[in-house]
Amino acid sequence: MAKKSNNDYTNESISKLSGEDRVRLKPAVIFGSDGLEGCEHAVFEILSNSIDEAREGYGSIIEVRKYLDNSIEVTDYGRGVPVDYNANEGMFNWELVFCELYAGGKYKTNSGENYEYSLGTNGLGACATQYSSEYMDVCVYRDGYKYDLHFEKGKNIGGLKKEEYNYKHTRTQIKWRPDLEVFTDINIPAEFFHDIMKKQAIVNKGLKLVFKNEVEPRKFEETEYLYNNGIVDYVNEVAGSDALTEVKYIECERRGRDREDRDDYNVKMSFSFCFSNKASLLEYYHNSSYLEHGGSPDKAVTNAFTYAIDKYLKQNSKYNKNESKINFNDVKDCLILVSNSLSTVTSYANQTKKAINNVFIAEAMTEFLRHELEVYFIENKVEADKIAAQVLVNKRSREHAEKTRINIAKKLSGNIDINNRVQKFVDCRTKDISRRELYIVEGDSALGSCKLGRDSEFQAIMPVRGKILNCLKADLEKIFKSDIIVDLLKVMGCGVEISAKNAKNVSEFDINNLRWNKIIICTDADVDGFQIRTLILAMLKRLTPTLITEGKVFIAESPLFEISAKSGTYFAYSEKEKNDILKELGDKDKPSIQRSKGLGENEPDMMWQTTMNPETRRLIKVLDDEDKFLTEHTFDMLLGDNLQARKDYITTNGHEYLDMLDLS
């Protein structure tokens, strides 16, 4: 390939983006994404301005509407954004707010001018949202006037319209439609609005946020969010009525600086928390922004709670001899905590405001929390002992789970010479995982017929001897003492997933290590066969659920009837198919019907034709039901301790399965 001449890269090769192109061509720079997430963040930017007004004491209601055409409208009853002429800047304020990046009224928060604590600080949100919109309409009521502005694709159309108006409340109303030329997706789900508005109600006590979702033309579903006691109400809501401890609320104000050469600034912080053995939650907010990635508050909570509880355990001789100390995961599993902080200077990780990294805030929070927790434990000995006991239970459960994981990993480790290590497993020749199929078959007799009937190039056989352990009822230690289960897991090669409250991070599962493209369960078409199939599915659901969600598990349908006639042999997989075949053949073809034998009695040719040949076999892909509750309920009904539900199901539906029984 010829190298370009240096003359192709000249002084004139450097260019800049200007006006609306700064956002329209590079939306991810401002919004973090050019997809739906970026479009959602634009909503947050407009909503933030309304929330800042309310926090300053102007307006107690904010309304958000989502329309069927994906346009959005935010209305607040604050002072009304200034849009008239600004003599200091020599231009209209609407130009500064909606057409200039890095222009706004929130740059002097540390001196308390206009806004002391605000979500918006960069002067980007309103302008960037306008630039990225197909259209935006702004309507402001203030100073005895109604002001109207209209923008299309980042450009103002018609200037500022101003008329005297007798309004009841000052307010700002902004309606816009995100532009599909800017974002790849603009259909923001209603769940986003519910989530963000609930969060803002939680940390702005007494502020009512109303979401109106247009579900039919001019028909709106309305939801209100209001927490009169803010984060305390929310922690009570999460904890329910059976928390281990009462909900505690603490707050303080501090002043300091991040570096010696920086100015001091104010920080207000409040925390509400309790402990529970049924729920856990950590949520951090700063200047109303939900800190998804935490930052300074998360560091402080982690440090302070681990330190204070460990200190209490040591001082009160709660640890066993030579026992290792707790870590924050042990605390987090039983802690419900929400923090709400405000500062006049904020160092966000980026424009999307998902983390803050102020050094002083982290230090001030840590010192405050350590002190408050020490006093709390001294003054509330009964609650402190409950907390200590639960944290130790979490710690010891975690350590037990880790030990179990290590033992499992040892049992399942290694990929060498699996044929010699797993009894009666019959491998296939190809190493191409995209072709390899593993048949899990019922018993040694089925092994023989399947082995002879298969295509040994890509089909392997693993026999299951009898009914395997019910993995939904057995504990992990018992499960991994089962040779059948361990052998199956070795053959699959992908490890296991352990789902338990205190074993969240002990998964050794890696689907990239799966040795098969398809795992096919192949059992007799009778009651025993169906039970074995169900037990195998229960094992996969408990230990390797991702194989099901990724569509790797299949059931091979076995024929119920073999119909011999002059014209050939036919196989029916149901009573209806049998009747249809007989009807088509007619009496002159002299058909004879034989109930299908078990797999072990089938001839190899029949096994290949009915069960193993990709061209003629019938496979049922096993998928997780979208209704997780229904899936869990069904497994519990079939294999769990809910005997009455099982009896009720058999009474109601048993007649549908009578044709599976040999009643002769």
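Let me begin with Glu 20, which is buried at a relative accessible area of 15%; buried here means under 20% relative accessible area, exposed over 50%, and partly exposed in between, with a 1.4 Å probe and protein chains only. The structure is a predicted model, in which local features need pLDDT of at least 70 and side-chain atom pairs count only at pLDDT 80 or more, while totals for chains, interfaces and linings use all residues. Residues are numbered from 1 along each chain as its sequence is written, and side-chain values use heavy atoms, with hydrogens and water left out.

What does Glu 20 form a salt bridge with? The partner is Lys 155, and the closest N and O atoms are 2.9 Å apart. By salt bridge I mean a side-chain nitrogen of Lys or Arg within 4 Å of a carboxyl oxygen of Asp or Glu. Glu 20 lies in the segment before α1 (21-24) and Lys 155 in strand β7 (residues 155-156), so the pair ties together parts that are 135 residues apart in sequence. Helices (H or I, at least four residues) and strands (E, at least two) are DSSP runs, numbered from the N terminus. Lys 155, at 47% relative accessibility, counts as partly exposed.

A second pair joins Glu 181 to Arg 24, with 3.2 Å between the closest N and O atoms. Glu 181 is exposed at 59% relative accessibility, whereas Arg 24 is buried at 12%. Both residues also belong to a network of salt bridges that links Arg 24, Lys 153, Asp 179 and Glu 181. A search of the whole structure finds 38 salt bridges.

I turn now to Asp 76, in strand β2 (residues 72-76). Is this residue buried or exposed? At 6% relative accessibility, Asp 76 counts as buried. Its side chain makes a polar contact of 2.7 Å with the side chain of Ser 50. A polar contact is a pair of N or O atoms within 3.5 Å; within protein, one must be able to donate a hydrogen and the other to accept it, and residues adjacent in sequence count only if both atoms are side-chain atoms. A polar atom of the Asp 76 side chain also lies 2.9 Å from the backbone nitrogen of Gly 78. Leaving aside neighbours within four places in sequence, Asp 76 is in contact (heavy atoms within 4.5 Å) with residues including Ile 61, Thr 170 and Arg 171.

Next, the cysteines. How many disulfides does a search of the whole structure find? The search finds 0, a disulfide being a pair of cysteine sulfur atoms within 2.5 Å. For Cys 99, the nearest cysteine sulfur is that of Cys 127, 6.3 Å away. Cys 99 is buried, at 16%.

Finally, confidence. The protein averages a pLDDT of 85, and 84% of the residues score at least 70; pLDDT is the predictor's confidence in each residue, from 0 to 100. Over residues 105-113 the pLDDT is below 50, and this stretch has 25 contacts in the model beyond near neighbours in sequence. Residues 500-507 are also below 50, with 18 such contacts.
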